[in-house]
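Please walk through this protein with the sequence and the model side by side. The text below starts with the chain as a whole and then takes its parts in turn.

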Amino acid sequence: MLPSLQESLDGDEKELESSEEGGSTEERKLEPPPSSHYCLYSYRGSRVAQQRGDSDDGSPSGTNAETPSGDDFSLSLVDTNLPSEVEPELRSFIAKRLSKGAVFEGLGNVASVELRIPGYRVGCYYCLFQQKLLPETATMDSEHNPSEYVVCFLGGSEKGLELYPFFEHTFRLELDKYIQGLKNNMNCEERGLENHIKSYLSSWFEDVVCPIQRVVLLFQEKLTFLLHAALSYTPVEVKESDEKTKRDINRFLSVASLQGLIHEGTMTSLCMAMTGEQHKSVVIDCSSSQPQFYNAGSNRFCEDWMQAFLNGAEGGNPFLFRQVLENFKLKAIQDTNNLKRFIRQAEMNHYALFKCYMFLKNCGSGDILLKIVKVEHEEMPEAKSVVAVLEEFMKEALAQSF
């Protein structure tokens, strides 16, 4: 079932209630972010499944988790920020997965792993990739047997792992892209590359998981303007900002956009309609400590969801922000589909037309939803006439509110 706004708010409250057992709001804000670690291994060997039975519970300990032996298998540590006493546990876990033959180059996997330190299960992303040397440095042997590496990212906490299925489906693809950036760095021949790669690996959590959280904390109540811009396909221009903040804002807009969830032709037409109607982009001026919005809009739907984000900000779980943003987007799609269904019914039923009007009036985002369905039904005469009537109703309702 699709999560509603109230469910998101309830989830935030539960997160806060469980956090309050350990201290006040001020104390929680001073807590460090969830632990995030990485490991980079060089790998050699054929990933042939072991003949003995293996456990799939994610535990790296026990007989079945022993590192495969033999001259055809090698998994050597290159770099890590994990405590030295637990790194062998992770290496054993990865060796078992490799020996099963279910790890494919460039396609990451996510599992939950229990380590002695910190003593609970954490989310673990791991990916096998090949280093392809530049033509001038490559040898015949390296062309046929390129160097292979396995990178592991571990993050989250026991409480954060409640979002583990969400982590698996949402962040895995983004981490796959992050690994591509690592491959590009390792394929370069530059001085100081080792330090650059170390910095890249240690920044994975900040670069992949935390951008949504940073945007929420930056804009606070003004986040409603950004949500409205994403929902209405309004272009956004960021001025006087550093590159990191600009990337964070663009990432937020990309995730919040309905792109990929509605027809591509509709998306293009809607962007043109919105731009033509407003003639101006939303401008965000970051020259001062408090960013200023110009040409921005909002509605009750975006204001309500903004509050859900601010509730989550007190808990400090960066995974939660992404979940709330996905819920925001899916609720918008659900409302759009409901309106389309009502419009189809209204083509033959005047009572359904009244249902359409009441839905638009009460959903909080009727202004945007009506524009979306108007573009989609442009070539459908009966539906187009229903939309035209709804537009008149909404204009009259807006005039009466003043």
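A residue is called buried here when its relative accessible area is under 20%. By that cut-off, 45% of the 402 residues in the protein chain are buried. The model is a predicted one, and its chain has 16 helices and eight strands. The accessible surface of the chain comes to about 20700 Å², with 51% of that area belonging to carbon and sulfur atoms. Among contacts with a separation of 6 or more, 75% join residues 24 or more positions apart.

Confidence should be read before the details. The mean pLDDT of the protein chain is 78, and 68% of its residues reach 70 or more. Among the elements, helix α2 (residues 25-29) has the lowest mean pLDDT, 35, whereas strand β8 (residues 292-294) has the highest, 97. Over residues 12-33 pLDDT stays under 50, and the model has 22 contacts beyond four places in sequence for them. Over residues 47-67 pLDDT also stays under 50, and here the model has 47 such contacts.

Turn next to the sheet of five strands. This open sheet has the strand order β2-β1-β5-β4-β3, with antiparallel pairing. β2 (73-80) and β3 (109-114) are the edge strands; each has a single partner strand, so one side of each is left without a neighbour in the sheet. On average, neighbouring strands of this sheet are turned by 30° against each other, direction ignored. Helix α3 (residues 87-99) packs on the sheet and touches β1 (36-45), β2, β3, β4 and β5 (147-155). The direction of α3 makes about 140° with that of β2.

Strand β4 can be followed through its pairings. β4 (residues 121-131) is joined to β3 by six bridges, and the two run antiparallel. Ser112 stands opposite Gly123 in β4, and Asn109 stands opposite Tyr126 in β4. One of the pairs here is Gln131 with Ser147, its bridge partner in β5. β4 is mostly covered, with nine of its 11 residues buried.

The other sheet is made of three strands. It is open, with the order β6-β7-β8 and mixed pairing. β6 (236-239) and β8 are its edge strands, each pairing on one side only. From one strand to the next the twist averages 20°. β7 and β8 pair in the antiparallel sense over three bridges, and Val283 has Tyr294 in β8 as its bridge partner.

What lies inside the chain? In soluble globular proteins, nonpolar side chains tend to be buried together. The largest nonpolar core in this model has 38 residues. Those with the most contacts inside this core are Leu223, Leu226, Leu227, Phe252, Phe309 and Leu325. The elements giving two or more residues to the core are α8 (211-219), α9 (223-231), α10 (243-256), β7 (282-285), α12 (300-315), α13 and α15 (366-376). A second, separate core has 24 residues, including Tyr125, Tyr178, Leu201 and Trp204.

Leaving aside neighbours within four places in sequence, Phe309 is in contact with Val216, Leu223, Leu227, Phe252, Phe321, Val324 and Leu325. Leu325 is placed in helix α13 (residues 318-346). Is Leu325 buried or exposed? Its relative accessibility is 0%, so Leu325 counts as buried. Not counting residues up to four places away in sequence, Leu325 touches Ile212, Leu227, Phe252, Val255, Ala256 and Phe309. Phe252, one of these, is 73 residues from Leu325 along the chain, yet the C-alpha atoms of the two are separated by 8.6 Å.

Helix α8 supplies the last stop. Its buried residues are Pro211, Ile212, Gln213, Val215, Val216 and Phe219. Two of these names have come up already: Ile212 is touched by Leu325, and Val216 is in contact with Phe309. Just after α8, Gln220 takes a positive phi of about 55°.

Definitions and conventions:
Residues are numbered from 1 along each chain as its sequence is written. This is a predicted model: local features need pLDDT of at least 70, side-chain atom pairs count only at pLDDT 80 or more; totals for chains, interfaces and linings use all residues. Side-chain values use heavy atoms; hydrogens and water are left out. Helices (H or I, at least four residues) and strands (E, at least two) are DSSP runs, numbered from the N terminus. Buried means under 20% relative accessible area, exposed over 50%, partly exposed in between (1.4 Å probe, protein chains only). Contact means heavy atoms within 4.5 Å. Accessible areas come from the Shrake-Rupley method with a 1.4 Å probe; for residues, only the protein chains shown count as cover. pLDDT is the predictor's confidence in each residue, from 0 to 100. A nonpolar core is a set of buried Ala, Val, Leu, Ile, Met, Phe, Trp, Tyr and Cys residues joined through side-chain atoms within 4.5 Å. Two strands pair if DSSP finds at least two bridges between them. Axes are lines fitted to C-alpha atoms, for helices over the stretch in contact, and angles run from 0 to 180 degrees between N-to-C directions.
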